[in-house]
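Let's work through a few exercises together. Try each task by eye before reading its solution.

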Amino acid sequence: MIQFRALLTSLDDRRRTLGMPWDALSARSGVPRATLIRLLKDRQSAAAFQTVVAVAEALGVHFTVEGDSIRSEPVDVDDFIELQADRQARKLVGIVQGTMGLESQALDEPATASLVKKTKRRLLAGSKRKLWYE
């Protein structure tokens with residue numbers, strides 16, 4: 001179990017490990033950038049519970065409160081990054097498929113799956129920062 005300030009420190013550490021920019025975390029959590037910085041950098045203890053939950057969920061961390069302690073249950077960083085890369089790859093391929101479908105040139109299922117796999121590999125090989133923008 002960890003204390004509140006330690007949770008905020010671990011969330012900021014995780015954000016940096018994931019390579020998630022402040023703007024992307026703000027978009028994913030629905031929490032304004034300035035609030036995120038106050039919360040994670042200044043360890044602002046007056047934050048609303050739902051704000052901390054939104055930030056934690058956006059970073060792939062689930063936690064439970066037990067008395068005055070918090071138990072964190074983070075999704076493995078590599079698994080979380082891989083899931084995001086897969087999500088982004090499917091989104092990008094879907095955009096291409098939609099455009100090609102309008103021109104009656106859409107790919108069949110095996111070709112689409114292959115394109116998703118290649119796109120995912122490229123995303124994972126590049127900057128982690130690009131993974132987080134929707």
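This is a predicted model: local features need pLDDT of at least 70, side-chain atom pairs count only at pLDDT 80 or more; totals for chains, interfaces and linings use all residues.

Residues are numbered from 1 along each chain as its sequence is written, and side-chain values use heavy atoms, with hydrogens and water left out.

**Exercise 1.** Find out how many helices and strands the protein has, and in which pattern they follow.

*Solution.* Start by counting: there are six helices and two strands. These are DSSP runs, numbered from the N terminus (helices are H or I, at least four residues; strands are E, at least two). Next, read along the sequence, and you get α-α-α-α-β-β-α-α. Finally, check burial: of the 134 residues, 34% count as buried (under 20% relative accessible area, with a 1.4 Å probe and protein chains only).

**Exercise 2.** Check the span of helix H1 and work out where its buried residues lie.

*Solution.* (The expected span is 1.5 Å times one less than the number of residues.) Now pick out the buried residues: Leu7, Leu8, Leu11, Asp12, Arg14, Arg15 and Leu18. Look down the axis of H1: these buried residues fall within an arc of 160 degrees, so they line one face of the helix. That arc uses the directions from the helix axis to the C-beta atoms. Just after H1, Gly19 takes a positive phi of about 75 degrees.

**Exercise 3.** Which parts do the buried residues of H2 pack against?

*Solution.* H2 covers residues 22-29, and Trp22, Ala24, Leu25, Ser26 and Ser29 are buried there. They pack against H1, helix H3 (33-41) and helix H4 (49-58), where contact means heavy atoms within 4.5 Å. Just after H2, Gly30 has a positive phi of about 80 degrees.

**Exercise 4.** Find the aromatic pair and say what it ties together.

*Solution.* Ring centres must lie within 6.5 Å, and planes under 30 degrees apart count as stacked, over 60 as edge-to-face and the rest as tilted. One pair turns up: Phe80 and Trp132, stacked at 5.6 Å centre to centre, with 25 degrees between the planes. Phe80 lies in helix H5 (residues 77-102) and Trp132 in the segment after helix H6 (109-125), so the pair ties together parts 52 residues apart in sequence. Both Phe80 and Trp132 are buried.

How values were computed: Buried means under 20% relative accessible area, exposed over 50%, partly exposed in between (1.4 Å probe, protein chains only). Rings of Phe, Tyr and Trp (its six-membered ring) pair if their centres lie within 6.5 Å; planes under 30 degrees apart count as stacked, over 60 as edge-to-face and the rest as tilted.
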